[in-house]
Structure formats: C-alpha cells, structure tokens
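My notes are below the structure.

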Amino acid sequence: MEQLTTLTAKIQQYKSQYKNPNNIKLIAVSKGQPVEKMIALYNEGQRAFGENYLQEAQDKILALADKEIEWHYIGKIQSNKTKKIAEYFSWAQTVASNNIAKRLSEQRPSHLAPLNICIEVNISNQASKSGVAPSDVLALANYCMTLPNLKLRGLMCIPEQHTHLSDQRKIFHDMFLLYKSLCEQGLPLDTLSMGMSGDMEAAIAEGSTMVRIGTALFGERLS
Ligand SMILES: *Cc1c(COP(=O)(O)O)cnc(C)c1O
C-alpha cells in the first residue's frame, strides 16, 4: 500500500526537520475502514491499530485473530465498556477518571500482561471534549501507578484544530511541558500520543512519540 510508505517517509521528514529525537510509533486508526484494507496494511508490516467503537473493534479483533496485532482503544470509555476493553486490547489511550482506571485494572484478565494506558488530557479546555483538565493529570497519574494491572505509559490528546501551524504547535507544546513535568516528578512515562492526519506536523514538531493516523492512511471512512 503506497500510503504507508508515503506516510512513514513524511513522519521521518518531520522528525528530522524538527529534530524530534524520539522513535515515533504509528497507530493506524481503522475505525470505519474495512478489514480488507487493514489486512493490506498488515501485509506491508503495520502492527498497531486503533479503534474507537467497541462492537466494531470486537468484530475486527475476532476476524483478525490469527494475526499479531497490537490493538489500541482510542474511543471514549464508558464504565459499561471497561470489561471488554480490558479483555480485548493491549492499550487504552483515553483513561480520564479514577473510576475508569480502577475498573480497567480490576477487569484485566490475570493471564494477560498489564493493560498499557495513557491519560487523555483536555489540553484545549474544550467544554465538549473528554479528557481530564491539565491540573488534574498528576493526581490521576499517581492513582494509576497504584493499580496492579495497569501500566501507565503517558498522555494523549485530541486538541482543537487550528489552521496555522504556530497555533497548533502552541497547544502541543503545552502537552509536551505537562508530559515533561510528570517525567521530572519521577513518573516512568515513555509515550506522548499526539498527532492525527490534520495536525501531525505540529505534533511531531513538539515532541510526539506516537501518532494516530486514519484518513491519511486509509482514505475517507465508510461510516
Ligand atoms: C479518528 C481518530 C484519529 C484519526 O483521525 P484522522 O483524522 O482520520 O487521522 C486519531 N485519534 C482519535 C482519538 C480518533 O478518534
């Protein structure tokens, strides 16, 4: 699939242009995309996929059970969904409350490795968006560290979209500073999940370690 090669080259280009020292992991966001396209990408070497809707994700996970895929849950987490998320996924990137974190840890099957998690930050302070306020992140991070079946990896955000690169960078820079301050306070984090099809350049410029790309990789979504 030509898109994967092109996208990987673009990530490398931004990485060197902005001197981002991190390995930038690509999550292929496959919500609304058919399994056939996912298999094509898998055959090109892509292993990490992100899904937002639990029923759709479960169907795909079963359909692709013979493949070695690392599944990332990136949708909103309601408390009645935690059990399935804890059973089916390697990562949950949108943890935003003590209650959700506690449930995910309690419901993680004991034969599986701890569930990797990111705390979703409402970095643009948008009333309509989910995620915790920046000022509440440290407390939630410390709480997650006490939960035996979770492995706190870092932070993620879905920021407000801006037309100008400098405005978009400013938001991601705030995320970077927050991430850095948590690291300096001793939290063992290695993941700053930021950057989507429309804002990848700004995110990589500000130190992203993980980008979540849907349409730029697969084309428009069917649903
Ligand atoms: C849909 C989605 C993406 C991918 O968005 P694109 O604009 O298609 O790249 C990334 N992250 C989250 C949380 C999403 O919901």
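The entries follow in the order in which I looked things up.

**Basis.** I am working with a predicted model, in which local features need pLDDT of at least 70 and side-chain atom pairs count only at pLDDT 80 or more, while totals for chains, interfaces and linings use all residues. Residues are numbered from 1 along each chain as its sequence is written, and side-chain values use heavy atoms, with hydrogens and water left out.

**Loop between α1 and β1.** I started with N22, which sits in the loop between α1 (2–17) and β1 (25–29). Helices (H or I, at least four residues) and strands (E, at least two) are DSSP runs, numbered from the N terminus. N22 has a relative accessible area of 24%, so I list N22 as partly exposed. For that label, buried means under 20% relative accessible area, exposed over 50%, and partly exposed in between (1.4 Å probe, protein chains only). Leaving out residues up to four places away in sequence, I found N22 touching K15, G207, S208 and T209. A contact here is heavy atoms within 4.5 Å. I also checked N22 against Q46: they are 24 residues apart in sequence and 19 Å apart in space, C-alpha to C-alpha.

K19 is in the loop between α1 and β1 too. I noted its phi near 55°, a positive value in a residue other than glycine. Most residues other than glycine have a negative phi. With a relative accessible area of 70%, K19 is exposed.

**Cores.** Which residues touch the most other members of the largest nonpolar core? Of its 63 residues, they are L104, L155 and L217. Helix α7 (residues 165–184) supplies the largest share of this core, 6 residues. Apart from it I found another core, of 6 residues, with W91, C118, M156 and M210 among them. I take a nonpolar core as a set of buried Ala, Val, Leu, Ile, Met, Phe, Trp, Tyr and Cys residues joined through side-chain atoms within 4.5 Å.

I then listed the contacts of L104, not counting residues up to four places away in sequence: I77, T82, I85, A86, A92, V95, L115 and L150.

**W91.** This residue is placed in strand β4 (residues 91–95), and at 4% relative accessibility W91 counts as buried. Beyond four places in sequence, W91 touches E70, W71, H72, Y73, L115, N116, C118, R153, T191 and M210. I looked up the C-alpha separation of W91 and R153, which is 9.3 Å for 62 residues along the chain.

**Helix pair α5 and α6.** I found helix α5 (residues 98–107) packing with helix α6 (residues 137–145) at an angle of about 15°, their axes 10 Å apart. Axes are lines fitted to C-alpha atoms, for helices over the stretch in contact, and angles run from 0 to 180 degrees between N-to-C directions. Therefore I record α5 as roughly parallel to α6, a label for angles under 35 degrees. N98, A101 and K102 of α5 meet L140, Y143 and C144 of α6 in this contact.

**L187.** Is L187 buried or exposed? At a relative accessible area of 8%, L187 is buried. I place L187 in the loop between α7 and β7 (191–193). Its contacts, not counting residues up to four places away in sequence, are L138, A141, N142, M145 and L182. L187 and A141 are 46 residues apart along the chain, with their C-alpha atoms separated by 8.1 Å.

Terms used
Parallel < 35°, antiparallel > 145°, perpendicular 65-115°, else oblique.
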